[in-house]
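Please consult the sequence and the three-dimensional view while reading.

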Amino acid sequence: MIELRVVTPRRQVLDVFCDSVRLPGVDGEFEVLSGHAPLLAAIKIGVLEFKYAEAEKNRVTHEDRLKMMVAGGYAEVDGNRVNVLCDAAALPDEVDKKTETEFLEKLHLELRSVEPGNDAEFKILEAKIQTAHTKLAIV
């Protein structure tokens, strides 16, 4: 069994026991199982998925897996503990599909108006768009 914690600068998003964790590493997706070797890995914007331990099975939805959005940061694996320290994170019940879709449309309009050569603004908008797409993918 693995203890999974997901923390952002603003809050602790998650603290559960699970059987496996799949993370969006900057060098590719990877999975952590119980007894995994110690590891420190950079993560990118993407979907973190975990399988609840039987005792932790979601009592509300009766699902045994959960997907959530994580945005940049690090994953530390130490024994049977995975700590994810990320810039932002969202659980499915925190994402409103209509609001996120409208925000995504607004971001696409902003992207079209970026001045050529303004790489910094382009990259910021690109990251926001990727985050919005990932949020929509978990609901």
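Which residues does Glu49 touch, not counting residues up to four places away in sequence? The model is predicted, and in it Glu49 touches Ser20, Val21, Arg22, Arg65, Leu66 and Lys67. Glu49 itself has its place in strand E5. The residue is buried, with a relative accessible area of 18%; the cut-off for burial is under 20%.

**Val21 and its surroundings**

One of the residues touched by Glu49 is Val21, which lies in strand E2. Val21 is buried, and its relative accessible area is 0%. When neighbours within four places in sequence are left aside, Val21 is in contact with Leu4, Phe30, Glu31, Val32, Leu48, Glu49 and Phe50. Arg65, which is also touched by Glu49, is 44 residues from Val21 in sequence, and the two are 9.7 Å apart in space, C-alpha to C-alpha.

**Strand pairing around E1**

Strand E1 spans residues 2-7. Six bridges join E1 to E2, and these two strands run antiparallel.

Glu76 has Asn83 in E7 as its bridge partner. The hairpin of E6 and E7 has two residues between the strands, and in it Gly79 takes a positive phi near 65°.

**Glu3 in strand E1**

Glu3 belongs to strand E1. Is Glu3 buried or exposed? Glu3 is buried, with a relative accessible area of 12%. Its side chain makes a polar contact of 3.0 Å with the side chain of Arg5. Not counting residues up to four places away in sequence, Glu3 touches Asp15, Val16, Phe17, Asn80, Arg81 and Val82.

In soluble globular proteins, nonpolar side chains tend to be buried together. The largest nonpolar core here has 26 residues, and those with the most contacts inside it are Leu4, Val6, Leu23, Leu48, Phe50 and Val84. Two or more residues are given to this core by each of E1, E2 (12-25), E3 (28-33), E4 (39-43), E5 (46-52), E6 (65-78) and E7 (81-90). The largest share, six residues, comes from E2.

Val6 has contacts with Arg11, Gln12, Val13, Leu14, Leu48, Met68, Val70, Val84, Cys86 and Ala89, leaving aside its neighbours within four places in sequence. A second core of seven residues is separate and includes Leu104, Leu107, Val114 and Leu136.

**Aromatic pair**

The structure has one aromatic pair. Phe50 and Tyr52 form this pair, which is edge-to-face, with 5.0 Å centre to centre and 75° between the planes. Both Phe50 and Tyr52 are buried.

**Cysteines**

**Summary of burial**

The table gathers the relative accessible areas stated above for individual residues.

| Residue | Relative accessible area | State |
|---|---|---|
| Glu3 | 12% | buried |
| Val21 | 0% | buried |
| Glu49 | 18% | buried |

Note on methods: Residues numbered from 1 in each chain as written. Predicted model: local features only at pLDDT ≥ 70, side-chain atom pairs only at ≥ 80, totals over all residues. Heavy atoms only, no water. Phe/Tyr/Trp six-rings, centres within 6.5 Å; stacked < 30°, edge-to-face > 60°. Buried < 20%, exposed > 50% of the residue type's maximum accessible area, 1.4 Å probe, protein only. Helix = DSSP H or I, 4+ residues; strand = E, 2+ residues; numbered from the N terminus. Polar contact = N/O pair within 3.5 Å; in protein donor to acceptor, adjacent residues only side chain to side chain. Contact = heavy atoms within 4.5 Å. Core = buried A, V, L, I, M, F, W, Y, C linked by side-chain atoms within 4.5 Å. Pairing = 2+ DSSP bridges.
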